[in-house]
Amino acid sequence: MLLFAQLLNGLQYGVLLFLLAAGLTLVFGIMSFVNLAHGSLYMMGAYIAASVANATGSFLLGLLAALLGCLAIGVLLERVAVARLYDKNHLNHVLATFGMIMFFNELASMLWGKQPLFVSVPPMLDGVINLFGLPYPLYRFAVIVVGLAVAVGCYWMIHRTRLGMLIRAGANNAAMVGALGINIRFLNALLFAVGAALAGLAGAVAGPILSVQAGMGEPVLIATFVVIVIGGIGSVKGAFYSALIVGVVDTMGRAFLPMLLREMVSRQLADAAGPALASLLIYLLMAAVLALRPQGLFVARR
Amino acid sequence: MNGLRTQGLTKRFGGLLVTDDVSLDIRPGELHAIIGPNGAGKTTLINQLSGELRPDSGQVWFGDEEVTTLPLHQRACRGLLRSYQITSIFEEFTVMENAVLAAVGATGGYGFWRPMMAREQACQDAQQALLATRLEARRDTLAGELGYGERRQLELAMALAAQPRLLLLDEPMAGMSIEESASVVQLLQSLKGRYSMLLIEHDMDAVFALADRITVLVSGRAAFCGTPDEIRNHPEVRAIYLGDEAGTFSGAAHG
Amino acid sequence: MKTTSSLFRPSLGIPLLLLLALLAVPPVAAALGAQFYVGFLARVLIYALAASALNLVLGYAGLIGFGHALFIGLGAYCVSLSSLAGLESAWPQLLLVLVSCGCIGALTGAISLRTRGIGFIMITLAFSQMGYFVFVSLKQYGGDDGMSIIATSRLGAGIDLGSVLPLFYAAWGVLAVTLLWMHRLRHAPFGMALRGSRQNLARISALGFPARRLQLIAYVLSAILCGLAGFLLANLNAYASPGLMSWQVSGELIVMVVLGGMGSVFGPLLGALAFICLEEVMKSYTEHWMLIFGPMIILIALTGRDGLMGALHWLDVRCCQRGASGRIDATAIVANGAKQ
């Protein structure tokens, strides 16, 4: 039972990572833009959702505010800074987005203070759902559902719409798409903004589960990087599968590895090494994938 | 000077057979040209010879040694050097530095303290290469400031500076004016006998003027091989080029 | 077109002067009763060392490594863990730094170099995060709070690196030697091949250089130098914490290298000095200094010039023109000089 619960928790973390990874991998793959500030968008989403929800009492309103807010921030960032960086090299991207992280972290602590912000689970989702005999928190289950719904939506958009076709074409050969007369600047802005909105959604949804504070974006961002590297840069399908894998491996690892270690080595060693090893698991996974298949599990580009 | 031999070289990209059972024989000291219509697979072939691509099957022999799976840089150290169709030089270094770097690279240059330019042998080799390609006057110019023709010359100079045993020349005259092409032909003529050379070119005048033997590549196959006269008068070869460069063969007779 | 090779050109003279002036800081500070500056500038020297190490990978080899803070932290923990185990002499500690940073540098470097571009940035970042999490989880070594070092490294002959003065001179000495070596390396075969690989990776291999191996060697060397910086930092602060391995530190190092002038010899020194001094000045004005510092970094990224060394090279042209000896192509001089 405990195994099943942790598996579900892993799935929930996984869909959260997918929400972040989907936008990021497209921005990486199509615009070749290294966006370290994606975690900051996640953080802003969490803050906006939390403060609006707390102010109005409606979680849904908070969610909506986060979506729109992050969409707006994404558009603003893209027009002001990101668009000027496309033709510069990756180092400039790294520097610029590093500066953005600093700015947003400081902004957050200035606007909302240094203490973590607390937002409660919406009453409608505050309960348990019975899954195959396991009572599981309804909210977390809802997160899984929403995440999977977004994944399905992404799939539909990418494979069934004209926009999606442009995205797939762009992932394959960005220069050609521009040469074909498509307004590549609009496409880029749109992609960046949608990615930002998804990150904001992830933050909003994560609020009741994780703590909302300045700097919350970066640890999740790095896990997202691991997801993208494993899944293959530019591949949303890759991001989906590897997000779930990473989410499950990380969650189950943290839950069970220390316990497992205690069976094998002395209690002292297990208590010391267990948590450290558990937090290393996803990086070891990434290193293994890179050692065997450097381009990731799914390749978006030829 | 080394010879280069391939045996049954085959390469597929997906379902496309790009190199089809190619067996070449480049004798030491000869200038062997490879010609063929566009899409015949010349670049893929040369990539397998220089080490950038691995063939699916077949062998490549350089001198007495089989080098089929040897990585790019090790082939260069053994004297199998290449110049590129798309100019590939170091724009932030001077012309001389480019050449000396090439000379040092072929000798397996490591060194963490003494300046590269203090290596006398390498500098001499580089100097000679620059003299041969008439870039001596520009030795202190940044490579990034060179004109197109001069860049192609530097491309060649770098291959020469490395004291090659065999040169793979990938369309050295690509994009050149008539005068520039003529001077490259002169240069290659002067190098004949000193190095073995494999020349891929579209410029038929140059090919017929320089080559000791010619191989015609058609759809990945080495279809015909012979002396320039044999190739020029071969009915099937003329048929391949007919309509495209019909005047080329009779024109080259004056070349 | 050669740039003027006068010893007194700004791009060489000013940084050299700065380096020499730093030597005078301890006695001057003592005389003025401003001891704070010795420790402060010691920190600058140490970060300049770390930035130089990164410059080898970033500036010379053109690889964007976002995980160099890992090795700073490792170096620091070598000191704290040895001191915990009763090993106080600096020399075995240094050997430990060499071995640990060398091995982990080789391992992480070999795996990281299997990727390129964006992948390389992310994986180096991930590796430094790994280190961070490992040390945060090791509660018996202080975890998140870090470890304070009771007994700092002893160099022998009664010199204790835990006190500011010997540490300052040690840091200065190591930095000076490193800068000299970086200068020599620029024109040595290894350095030229490395710089070539930044411009044209494929051609370097085609010339006979084992490109990936060269990159790995550069990575390991820079890891060891960063470890050395960490060793010094641990002695300066008598403290080692996982925070030294954080991505923020890696990012700050990148800013220092770019700010100073990527790929130049003195760039890291100028960049570290400018960055740390600016940070200190801004901190004294407002606690929300990052709100301004962040956009400043964004601006640096947007304008993408050659940093402070680029400005000095521009000064070279303005101040040191020798008009009599024929035509001077100003843009060529700047381009040539800025790349040197």
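Analyst: This is a predicted model. Angles between helices run from 0 to 180 degrees between N-to-C directions, and those from 65 to 115 degrees count as roughly perpendicular.

User: Why are α12(C) and α14(C) called roughly perpendicular to each other?

Analyst: Helix α12 (residues 267-285) of chain C packs against helix α14 (residues 307-319) of chain C at an angle of about 115°, and their axes are 8 Å apart. The class runs from 65 to 115 degrees, and α12(C) and α14(C) are therefore roughly perpendicular.

User: Which residues make that contact, and how do they divide into nonpolar, polar and charged?

Analyst: From α12(C) come C:G267, C:L270, C:G271 and C:A274, and from α14(C) come C:G307, C:L308 and C:M309. They divide into 4 nonpolar, 3 polar and no charged; Gly counts as polar.

User: What makes up the side of chain A that touches chain C?

Analyst: The contact takes 38 residues from chain A and 37 residues from chain C. On the chain A side, α3 (59-85), α4 (90-112), α9 (217-231) and α11 (267-292) each give two or more residues. The largest share, 15 residues, comes from α4(A). By type, the chain A side has 29 nonpolar, 5 polar and 4 charged residues.

User: What is the helix content of residues 68-87 and 93-113 of chain C?

Analyst: UniProt, in an unreviewed entry, lists both spans among the "transmembrane region" features of chain C. Residues 68-87 of chain C are 80% helix and 0% strand, with the end C-alpha atoms 26 Å apart. Residues 93-113 of chain C are 95% helix and 0% strand, and their end C-alpha atoms lie 29 Å apart.

Methods:
Residues are numbered from 1 along each chain as its sequence is written. Chains are lettered from A and ligands numbered from 1 in the order in which they are written. This is a predicted model: local features need pLDDT of at least 70, side-chain atom pairs count only at pLDDT 80 or more; totals for chains, interfaces and linings use all residues. Two residues are in contact if their C-beta atoms, placed from the backbone, lie within 7 Å. Helices (H or I, at least four residues) and strands (E, at least two) are DSSP runs, numbered from the N terminus. UniProt positions are given in the numbering used here, feature names are shortened, and annotations may be inferred rather than shown by experiment. Angles under 35 degrees count as roughly parallel, over 145 as roughly antiparallel, 65 to 115 as roughly perpendicular and the rest as oblique.
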